[in-house]
Each structure stands twice: as C-alpha cells, then as structure tokens.
Amino acid sequence: MTSTRKPRPVRTLLAAVSCALLTAGCTTLPSNTEPQALRSFDVPTESATNRGPEPGREPDLLLRDFYTSSAQPTQDYFAARSYLMPETAEQWNPQESLLVVDRIDLNTQPGSTSDKRTFSVRGAVIGRIAAGGSYEPENGVYEATIEMARNTSGEWRISSLPAGIVLERTEMRNQFQPQLVYFFEPTNQALVMDRRWIYSGHESLDAVLISLIMEGPSRLLAPAVNNDLPAEATFAGINDGIYQFTGFTGMDADARLRFAAQLVWTLASANVPEPYSVQVDGAPIVPGYGELTTDDFAKFNPQVTNVANTPLFALTDGVVHRVSATAVTPVEGDLGTMGGVTSVDIITEGAAAAVRKVGNESELYVGDLDGNLEPVLKAETISRPTFELDPSALWAVIDGRTVERIVISGVVGGVSRTEVDISALDAMGGDISVLRLSRTGARVAMIVDGRVYAGVVSRPGPGQRRVVNVHELAPQLGATALSLDWQPDGSLIVGTSTPETPIWRVEQDGSAATSLPSGNITAPVVAVAASSTTIYLTDALAVRQMPTTGGDNAFWREVAGLQGVRSAAVIAN
C-alpha cells in the first residue's frame, strides 16, 4: 500500500455516475449502440483476429463471413469493412443499430449472374445491444437485401447493404461477455447491477468499465437508480496503475466515497485485482484512501445474498415451518399457529408478510416472523406479498389488477396504503398473478396472463412508486408461466405448466432463457425459490431441490424433512 488508510465510517451513499460525454479514443464504436464505452484517453489497440476475406470464397459463404466479422468493433469495424467494395466501405454506417437475431438465413434472388448476386437476408430479431452495451429484448423480423459483385481481382465483395450491424445470437456470445456495472438505488443503501455486454477483444477491461460508470446507467435502468456525478467529472485515464479523475471539486467526502464504492465493486465483479489506486485532481479520492479495496465498502457488497446459510422455510398445509438440516418445525408466533396461510414473504431482518384465506376472502397480514401478525387489508384475491429493500414497505397485487404499496410506520404507528402506478402494463391487459421485487427494489418481475414481464421502479414523488420500462422476457415460454422469483445473481427462475420444459432460468436483461434439467419434475411447477447454492421448486407431487451448479445431475431431489409433502419453499431475503 502506498498510503496509510485511516478508518472512516462509510455513511449512506448516493450514486456517483456522470452524464458527461467522453470523446472517442483509438477504438471508435457506434455512438448510439456501442457495446463498450467511448473514452477520452488512449488504450492499446486491440489486434483484429479476423484475417479478412478468404481468396476464392463463394458469395454466400463470404456474406456469412462478413456477418461473423461484424461482431468485431475494433478500428471502426475494420474487419467487416474489408468484405465491402471500397466505395461501399467508405459509405457504410455500422453505428445505425446493433441487432441480435436468432439466426441469419440467406436466399439468392432471381436474376443473379456470374458477376453479380443479390441475396435476401432474413432473421428473427430477439434483441439489440444499445448504448453502453446494454441488451434490450425485442421481437420482430429483420429483412434486408444485399448486393454483391466481383471486384477488379475477380473476388466477390459486398456492393450494397443497409446501415447497422446484425449479429447471430451465438456470435454475440462468442465475441461479447456480460459484465456488471453498479449504481445506487434511490435510498443509497444498496448497489444495483446494470448488465452490459463488452467486446471480448478489449485489452483494458477496467478502463472500459470505468467509462461506463461515468456515462451513467443504461436506458432501461436509469429511472430506478441515482445518477449524481457533476457534468464536469471526467475519467482521465490510467497513469502508472493509478485511476485518474478530474472535475470532482463540487463533491464532498461522502459523495466521493459513494462513487468509490461503485468503482470498487464494478472492478471487483470483473475480477480486476485489488487494491485500486484512485486519485482525483492529483490527490487521493478522500484523505486516507489512497488505495481502495472491497473491505472498505463491505457494507455495500452486492453479492451479500450469495451466502450458503440463507434461511429456508416451507409453507405446508397453511403453516410456515423453519427448515434445518436436522428438523422441520413450525415457526413461533402466528405464522406457525393460525393456519390458512396461502403465501408468505420473509426477510432476514425478521419481518414477514402473509396472505391468509378466510372464507371467500383473502387477508394480508404483516408483522414479525416469530411474533404477532396484524391484518392490513382484505380482498377477493391477494398475490404473494413482496418486500422493498426497506422492510417496512411491501407490495401486493389486489384482485389481479391493482398493485398496492403498504408501509408500516414504526414512528407514529399505523399502516398506510398507496396504489402503485402500473399504467405501463395497460397495453398488456390481463391479470397479474405473480409480482416479485428484486432484493434492491429497483426491478420488478411479473407474470401477466402467463407471460413474463420485467420493469423498473421509479419514484416520481415522496412515497410514490411507478413501474416503468416494462418489457417481455422469454417470449418463447408463451403463456405457460405460473411462478417466478429472483435468484441472488439477478436472474429469474420461472416455473411453467409445460411438461417438457417445466423450469427455466431467464437472464435479467432477457439475453437468454435456458431450460433447466427436468428429468423427474411433474408439471405444473407452481412455486419456485432460490438461494446462492440451491434452486427449489414445487411440482404436482412434492417440493424438490437442485444445486445451482447443476453439473451432470438431471434429477431433482426431495427436500430433507419434506419428503412426500407438497410444500412451497421460501427463502428469506
């Protein structure tokens, strides 16, 4: 260490990100769809792995080679431009868009000759890589006409093509890697992950990630997080292993530490070795903090839920049980005695919320896990409740169409209820059967008429919540989804009614949906839960578990102590 670190309490943090535009360095990328950041300093030029067009290549194969080379953004897509006629290469604008398709289909159009070919190109659009490398799901069809001709050397080259980049899903995964950039949620108590797809050929991943922090959150996430760095704040580059910044003069010590927490956890998540030397205007970011480590910001560890001893509970025959390695016993207090409980949410701080069926009505209760519960509302149907980051606030869906936010006041006592603005779902129609907030409360996942949707939570005013930027995830599931919940890594586990594919993992950004092993699952899967080590599901027969690592095991085991019992596993968040 180059400096003596003085102990300093890290107080409540605000997000530290910049809305300043950075000018292009040696690697230029699409200004509106770049998969990595433009930056104001030079980094080593990445070496292009593509050797250019193969001599004597047939036109259809050369066109496929072009699409493969389009995944390499280095030197303003130099590799891809080598497949074009010189005048076409000069005019082609790859910055127009970066679409991801399931696959690319080519068909030769009538009228082709020995010197000219015209191809129809078609593919099912599944998403796009937007500004800063964020993936945005889309559903549509890509259609284009590509003209090819022989050059003066008799080699086939592309003479006409539309602007923009089109990548097959497999090529995106071959050439880009997902990384996490972090921003603070509005109360500054937790870091929210912002998944970005970064070109694998970069030699300076740390510089790219820092540039993304400075540019701010992705479009879809922005309404749910803070973005408070002053416009003049700039990443000046890396000098002798020190990350250099300027323009922080208007930020106090707390604000600088908040930015440092973002920086440290973003770099650490990408396996950039610590400690990190950080200077602002030639001095440590805060006196006594010449070098930074994750230990300095352990309070904000975004992987804090990735622990093996996450409490496990089971809802069986209307009673909540605590599940340990040696016993399954009813919890103390009302949840373990009153019966009739149909759903429950529990947090590690000891708060609980439960829905209980009473005659033809449902009642929502809130209180302590091992203590008393109080009824707060009645309705014909109430969804499983879900807590915000603040354990005094929770959401529930009332009669399938209204989302209410319930706040339990610990100061003046009493309960307040406000309606969450879900007007962004109006176009979807249908009933909301499942709604789950992420651990930070910044994201929300829902099942609407059997389809999976995700959005983010904005705060238009004090005590107000609004769900915005709603988009469908995993459209290939159709209207078969019955249950879902968040995993600690930010992905979703989704249970369905489909016998062949009853359980899925869906990535947070919608970039992939993967069917999990289903050897002994009997659909439907009506409940799911996940810790950092284990996935749980309830099928038609029992509650089952499987390690998150999966491996070669294609079978789900019954949970010890719950064999032969149809329970719903509940993980305390």
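**Exercise 1.** Which kind of bond do the side chains of D489 and R505 meet in?

*Solution.* Start with the ground rules: this is a predicted model, where local features need pLDDT of at least 70 and side-chain atom pairs count only at pLDDT 80 or more, while totals for chains, interfaces and linings use all residues. Residues are numbered from 1 along each chain as its sequence is written, and side-chain values use heavy atoms, leaving out hydrogens and water.

Now the pair: D489 and R505 form a salt bridge of 2.9 Å, N to O (a side-chain nitrogen of Lys or Arg within 4 Å of a carboxyl oxygen of Asp or Glu). D489 sits in the loop between β29 (481–486) and β30 (492–496) and R505 in strand β31, so the bridge ties together parts 16 residues apart in sequence. Strands here are DSSP runs (E, at least two residues), numbered from the N terminus.

**Exercise 2.** Are R195 and E507 buried or exposed?

*Solution.* Both are buried (under 20% relative accessible area; exposed is over 50%, partly exposed in between, with a 1.4 Å probe and protein chains only). Next, their side chains meet in a salt bridge of 3.6 Å, N to O. R195 belongs to strand β8 (residues 191–199) and E507 to the loop between β31 (503–506) and β32 (513–515), so this pair ties together parts 312 residues apart in sequence.

**Exercise 3.** Where does the salt bridge of R544 lead, and how accessible is R544?

*Solution.* The partner is D539, at 2.8 Å, N to O. R544 has 8% relative accessibility and counts as buried; D539, at 0%, is buried too. Elsewhere, salt bridges that share partners join R195, D489, R505, E507 and D509 into one network.

Notes
Helix = DSSP H or I, 4+ residues; strand = E, 2+ residues; numbered from the N terminus.
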